[in-house]
Amino acid sequence: MSGPSDFQPTNPALKWIERRLPIMGLVHSSFVAYPTPRNLNYWWTFGAILSFMLAMQIATGVILAMHYTPHADLAFKSVELIVRDVNFGWLLRNMHACGASMFFFAVYVHMFRGLYYGSYKEPREVLWILGVIIYLLMMATGFMGYVLPWGQMSFWGATVITNLFSAIPYVGESIVTLLWGGYAVGNPTLNRFFSLHYLLPFVIAGVVVLHVWALHVAGQNNPAGVEMKTEKDSVPFTPHATIKDMFGVSVFLLLYAWFIFYMPNYLGDAENYVPANPGVTPAHIVPEWYYLPFYAILRSIPNKLAGVVAMFGAIIILAFLPWLDSARTKSSKYRPLAKQFFWIFVVVCIGLGYLGAQPPEGIYVIVGRILTVMYFAYFLVVLPLLARIEKPRPLPNSIADDVLAKTGSKTAPMVSTVIALMIAGGLFVGSAQNVSAAEGQQKPPANKWSFSGPFGKFDRGALQRGLKVYKEVCSACHGLSFVAFRNLADPGGPGYSTAQAAAFASEYKIKDGPNDQGEMFERPGRPADYFPSPFPNEQAARAANGGAAPPDLSLITKARTYGRGFPTFIFDFFTQYQEQGPDYLVALLQGYEDKPPAGFNLPAGSFYNTYFPGHAIKMPKPLSDGQVTFDDGSPATVAQYAKDVTTFLMWAAEPHMEARKRLGLQVFVFLILLAGLLYFTKKKVWATAH
Amino acid sequence: MAAVGAVATAWPFISQMNPDAATIAAGAPIEVDLTPIAEGQDIKVFWRGKPIYIMNRTKKQVEEAQKVPLSSLPDPQTDQQRTKAGHEQWLVVVGICTHLGCIPIAHEGQYDGFFCPCHGSVYDTSGRIRQGPAPANLAVPPYAFLSDTKIQIG
Ligand code: FES
């Protein structure tokens, strides 16, 4: 469609360049004069949104790589240091981590759009297949990126996914060793994943260029599914599509920013705030939400090889779509049956996603099998059959006719689909959090926290009291190794002065050395030192505590959670509920019972706790009334201690939370203004086209 | 000719991905003292980065493991094939689920053997797969008894 450009620069210098490299002509013909169908709806803005997200991921990723250390012993820590010490490190990390989810969200919308409007049909088969390749590359990139923080889910996700290749007959085991570079997932694996995670986005960018090229050869599909014939069917890309895409991106940014600033951990797994441990498998291994449907397919087949084949087949089958669906009519708008099956298919995919996050037992397995069959049936039975038996409704003669035909009612179906998709999407992504609900874990009661919600701030008094409780009670067994004494004087923290933080530090003895004699020695702490851990290593901690090592508390409020259940987690998205960790912790600290309920078999050396999963906890009741005295007259009760120390630990887990929420507000004001302005500009530009 | 050259050049690029010399050296055999493991107990040691369960089975567990009819097993193997003669109470298996590599939990599941929390595979007291998606029994690593109370793995 992009014929030779008639673009002629007038400036002599530009003319000189243009004669030797006609790049301006290329840009002009592809992104300015390029004709786009007049009737495109907002689902078509996701192409631009995806390009934007790819650029975003590359930019933030390159910067993060400057601060990250790809080593099994250092990776987890280096990510924490990025978040805590690098200027705006928390922002960049959130942008990259949430960005991955947003990228996948956008790509799924883009794919469903293609599916609904038949964008894979003649003459766009190659365009579609290139898209499938991009999607596969994205999955590989996303998977390897998730391994890099080297938390528990990273490690075990990597183990499970690389083991998929061991299903290949004969050579499987050697391939897996080749992938690992060792006998198990370890440092060599992390190193090569880092290297590839850096490389693949550029490969994606390359394939995107081909994708766009193929698009510009075939021209864009459109909601009517009839090709452009005359001038009247199209509008020039700039300004029409450009401004519409910009508006689309700005609205998408609102969603993206909601995650970055207010819900950064909503899509993640709490378990990934626990450093990787090759000796302990987490109770549930759940991949990132965007892999869940395929994970569900894998699990619903009781044979290993068949499961792996089905899982990859579920993706590869997309590449054959242009030939599986041979119906002549492109758009499902004019295919009454295909339309209904499409929506059933969407529900099937979301259902599979939900099941992917559930434990593989009982009813979940059965439903998983049914949905797996339906997934494949859509491609292998329904679409080929519909092409034969369905009687499509008459198509409009041209795009121009299509635009004229619809007046007034055109936004209504749009709104309802958006709402349906929002709810379904919420169900889908939130299902990842639903996992531990099945553990028979008692739900902790909700608390009022000063730091919850969009304007949340830490209560300075609580932080100072919590620090005291930690120092006098918890620190006997629990470390706080990511928090430095200097942090006590940081803005958004307990509000001590630099001098007070230094004085606090000097009360500690820190091991340093070696000195000139080659010996280690002790000296008073300095603000730059970190809280010393009570035990030299995990084994010592384990041995001293009856086999259960007391976890480090730096990240504990983010590393613990409980199942919110359906549909609560959907509301959580809107209420910005992020306090599962603190709620659980405060309940746990007060949840001790002297006597376990009748019939409960308490193992020796354990204590009964109502809120601990499984109820038998190795930690004895840590707090009792009157144990710590506060200078500010707050009551010396367990309830008060529990709340204060939890607040303190929440700050320890995310020292920049106040900055995050403050910046979030500013960004939202800006984005809403931007989106509003773009909307009115768009209206103006399009006034003549509709 | 060019094809031979291309393949020969590709070889180092692929071969470098395999475990390097240091990793292989670190994978040398290890010796484990069995005296601290009481009857009915187990320990987990690491060899080549893999957890190895060493289980001192009770009489009842051994009997159960030996009694199972082979026809009821997805991956038929007798208990005798999986242990060393004269040391039947000792079970030594690689604690890696043959499905997708999680670490099964010992003394769990309905056969009192191992249970894999990832996708629900159940192994019996001989480490044989009984239920779930895993295709094979837990692997028995190469090992030998140096004395009655000491084994060498590897
Ligand atoms: S890894 Fe053990 S059941 Fe899948």
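**Questions and answers on chains A and B**

Reader: In which helix of chain A is A:P239 found?

Author: In this predicted model, local features need pLDDT of at least 70 and side-chain atom pairs count only at pLDDT 80 or more, whereas totals for chains, interfaces and linings use all residues. Residues are numbered from 1 along each chain as its sequence is written, chains are lettered from A and ligands numbered from 1 in the order in which they are written, and side-chain values use heavy atoms, with hydrogens and water left out. Helices (H or I, at least four residues) and strands (E, at least two) are DSSP runs numbered from the N terminus. On that assignment, A:P239 of chain A belongs to helix α10.

Reader: What is omega for the peptide bond from A:T238 to A:P239?

Author: Most peptide bonds are trans. The bond from A:T238 to A:P239 is cis, with omega near 5 degrees.

Reader: Where in chain A is A:P123 found?

Author: A:P123 is joined to A:E122 by a cis peptide bond with omega of about 5 degrees. In chain A, A:P123 is found in the loop between α5 (89–116) and α6 (125–147).

Reader: Is A:F237 buried or exposed?

Author: A:F237 lies in helix α10, which covers residues 237–262 of chain A. A residue is buried under 20% relative accessible area, exposed over 50% and partly exposed in between, with a 1.4 Å probe and protein chains only. The relative accessible area of A:F237 is 15%, so this residue is buried.

Reader: What is the C-alpha separation of A:F237 and A:T36?

Author: Contact means heavy atoms within 4.5 Å. Not counting residues up to four places away in sequence, A:F237 touches A:F31, A:V32, A:A33, A:Y34, A:T36, A:T242 and A:D245. Although A:F237 and A:T36 are 201 residues apart along the chain, their C-alpha atoms are separated by 5.8 Å.

Reader: What is the C-alpha separation of A:K77 and A:H110?

Author: A:K77 sits in helix α4 (residues 75–85) of chain A and is partly exposed, at a relative accessible area of 38%. A:K77 and A:H110 are 33 residues apart along the chain, and their C-alpha atoms are separated by 36 Å.

Reader: To which residue's backbone oxygen does the side chain of A:T647 reach?

Author: Helix α24 (residues 638–653) of chain A contains A:T647, which is buried, with a relative accessible area of 5%. Beyond four places in sequence, A:T647 touches A:W449, A:F451, A:F458, A:A462 and A:L463. At 2.8 Å, the side chain of A:T647 reaches the backbone oxygen of A:K643.

Reader: How far apart in space are A:F535 and A:C477, C-alpha to C-alpha?

Author: A:F535 lies in the loop between β4 (521–524) and α20 (538–544) of chain A and is partly exposed, with a relative accessible area of 22%. Leaving aside neighbours within four places in sequence, the contacts of A:F535 include A:A476, A:C477 and A:P550. A:F535 and A:C477 are 58 residues apart in sequence, and their distance in space, C-alpha to C-alpha, is 7.6 Å.

Reader: Why is helix α11 of chain A largely enclosed by the rest of the structure?

Author: Helix α11 spans residues 292–300. Its buried residues include A:F294, A:Y295 and A:R299.

Reader: What is the radius of gyration of chain A?

Author: The radius of gyration is taken over C-alpha atoms, and the globule rule is 2.2 Å times the number of residues to the power 0.38. The C-alpha atoms of chain A fill a box of roughly 85 × 65 × 50 Å along the principal axes. For 690 residues, a compact globule would have a radius of gyration near 26 Å, which agrees with the value for chain A, 28 Å.

Reader: What percentage of the 690 residues of chain A count as buried?

Author: Chain A has 25 helices and six strands. Among its contacts with a separation of 6 or more, residues 24 or more positions apart account for 77%. Of the 690 residues, the part that counts as buried is 52%.

Reader: What is phi of B:R48?

Author: Most residues other than glycine have a negative phi. B:R48 is found in the loop between β2 (42–47) and β3 (50–56) of chain B and counts as partly exposed at 31% relative accessibility. Its phi is positive, near 55 degrees.

Reader: In which strand of chain B is B:H107 placed?

Author: B:H107 is not a glycine, yet has a positive phi of about 60 degrees. At 31% relative accessibility, B:H107 counts as partly exposed. Its place, among residues 105–108 of chain B, is strand β5.

Terms used. Polar contact = N/O pair within 3.5 Å; in protein donor to acceptor, adjacent residues only side chain to side chain.
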